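This report describes one protein chain for a reader new to structures. Please look through the sequence and the model first.

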Amino acid sequence: MALDPAIKEGAPVGYDDRPIHSEPGSLPPQVQAPLAPFRGRHPDAPEWFLDAIAQEPERSFVTSLGTQIEALTWGELGKPGLLLVHGNSAHADWWSFIAPYLAQDYRVTSMSLAGMGASDWRESYAFQDFAEDAEAVARATGLYDGGVLPIYIGHSFGGSQVFFAAAAHPERMRAAVLVDTGFGGPPPNSPEAKRMMEQQVRNIPTGDRAARVYSTEEAALARFRFMPPQVAGNLFIADFIARRSLKRAPLPEGGGEGWTWRFDPAMWNKLDRSVMMGMTADGPPKVTVPLVHIYGDRSVVKSRISDDRPSPLPKDMLEIAIPDSAHHIMVDQPLALIAALRGLLARWPG
């Protein structure tokens with residue numbers, strides 16, 4: 001994740017899923033460059049995964065606040081709606097192998113947040129704007145057509161946006177599910193915070209350091225890794241996510257096109273958290289819709305929200321642990337996440 005002054009001010013911040021340009025360092029190869037050994041080849045994948053991604057969604061764009069927002073939709077109109085929101089610097093296809101298993105009973109849409117995936121970039125970003133985008137996408141893709149309000153589900157930074165939308169606009173959703181969502185960051189003087197700051201300075205493009213353009217897709221894939229750093233639980237999923245994180249771009253030296261990451265590298269610097277900070281000034285936001293948190297039992301995010309630091313999450317909130325999973329549960333334990341969501345939604349929120 002990117003560390004910035006908002007963390008010191010206690011503003012809720014999600015956890016960064018960005019594929020960054022890794023440099024040689026102390027991280028083991030399976031963390032720093034998990035796809036490099038494949039040299040651009042696709043890792044072998046199981047049948048369930050191939051079946052899921054073969055179920056192509058309806059791909060569309062929804063205009064919200066003058067911005068084109070990418071939307072992927074599965075399932076029949078008229079079924080209850082589910083809106084899926086990805087983590088920071090990720091994209092809608094992070095849910096493309098999960099959503100088909102939910103679409104048997106739901107109309108399911110996965111959106112790419114503004115500045116990420118194939119959605120347009122903005123001059124500035126705000127929690128309130130993300131909430132407006134979410135409702136616009138949900139309405140345009142038919143998630144309100146089933147006679148009940150949709151359920152919002154968000155992973156990581158996307159969970160932060162779902163939490164804000166639930167607090168600010170409870171009338172828009174029936175319930176909310178957070179997937180490994182943390183608030184704040186590591187203690188500012190901790191080794192973890194220092195390591196993250198070093199990674200940010202080295203890896204994140206700035207105004208005077210442009211985003212890297214790789215000459216080949218293989219070279220770009222070799223630089224993909226997860227944040228917070230972790231071993232990719234299933235390399236075939238990491239490969240799928242990484243390929244759909246890339247877009248063509250002119251090579252800086254000329255002579256054709258290369259590959260670069262699709263997210264807006266300046267998003268963190270352009271993100272306005274003032275609305276959320278105002279909501280937390282007098283205590284945590286009050287969420288009145290049913291709320292559940294699904295987390296990885298090895299996640300660094302869970303370790304941060306289980307200590308003595310303040311958290312806006314309700315004390316009596318239902319929590320479900322996914323065994324043997326770090327932060328990126330859909331990469332580590334996708335079938336367990338599918339089972340948890342299907343089991344939960346079969347009985348909840350009632």
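Helices are DSSP runs of H or I with at least four residues, and they are numbered from the N terminus. The model discussed here is predicted.

## Overall make-up

The protein chain has 13 helices and 12 strands. Of its 350 residues, 58% are buried.

Counting contacts between residues at least 6 apart in sequence, 77% join residues at least 24 apart.

## Helix H4

Helix H4 covers residues 127-140. H4 has 14 residues, and the distance from its first C-alpha to its last is 20 Å, close to the 20 Å expected at 1.5 Å a residue. After H4 comes Gly142, which has a positive phi near 85°.

Which residues of H4 are buried? They are Phe127, Phe130, Ala131, Asp133, Ala134, Glu135, Val137 and Ala138. An α-helix has 3.6 residues a turn, so residues three or four places apart point the same way. Another residue of interest is Arg139, whose charged end sits over the ring of Tyr144, 3.8 Å from the ring centre.

## Aromatic pairs

There are 14 aromatic pairs in the structure. One of them is formed by Phe127 and Phe164; this pair is edge-to-face, with 5.9 Å centre to centre and 70° between the planes. Phe127 belongs to helix H4 and Phe164 to helix H5 (residues 157-168), so the pair links distant parts of the chain, 37 residues apart. Both Phe127 and Phe164 are buried.

Ring pairs also build a cluster, which is made up of Trp48, Phe49, Phe97, Tyr101, Phe236 and Phe240.

## Nonpolar cores

In soluble globular proteins, nonpolar side chains tend to be buried together. In this model, the largest nonpolar core has 55 residues. Within this core, Phe97, Ile98, Ile153, Val177, Ile294 and Leu337 touch the most other members. A second, separate core of 38 residues includes Val162, Leu178, Met267 and Leu313.

What does Val177 contact, leaving aside its neighbours within four places in sequence? The residues are Ile151, Tyr152, Ile153, Gly154, Val162, Val292, Ile294, Leu341, Leu344 and Trp348.

## Backbone exceptions

Most residues other than glycine have a negative phi, and most peptide bonds are trans. Two residues with a positive phi are described here. Arg39, which is not a glycine, has a phi of about 50°. Arg39 lies in the loop between helix H2 (29-32) and helix H3 (47-54). Is Arg39 buried or exposed? Arg39 counts as exposed because its relative accessibility is 63%, and the cut-off for exposed is over 50%. Leu65, also not a glycine, has a positive phi of about 55°. Leu65 is located in the loop between strand E1 (58-64) and strand E2 (67-74). With a relative accessible area of 51%, Leu65 is exposed.

Cis peptide bonds are the other topic. Pro228 is in the loop between helix H7 (217-221) and helix H8 (235-243). Another cis bond runs from Trp348 to Pro349, with omega near 5°. Pro349 lies in the segment after helix H13 (334-347).

Methods. Residues numbered from 1 in each chain as written. Predicted model: local features only at pLDDT ≥ 70, side-chain atom pairs only at ≥ 80, totals over all residues. Heavy atoms only, no water. Phe/Tyr/Trp six-rings, centres within 6.5 Å; stacked < 30°, edge-to-face > 60°. Buried < 20%, exposed > 50% of the residue type's maximum accessible area, 1.4 Å probe, protein only. Lys NZ or Arg CZ within 6 Å of the ring centre and 35° of its normal. Contact = heavy atoms within 4.5 Å. Core = buried A, V, L, I, M, F, W, Y, C linked by side-chain atoms within 4.5 Å. Expected span 1.5 Å × (residues − 1).
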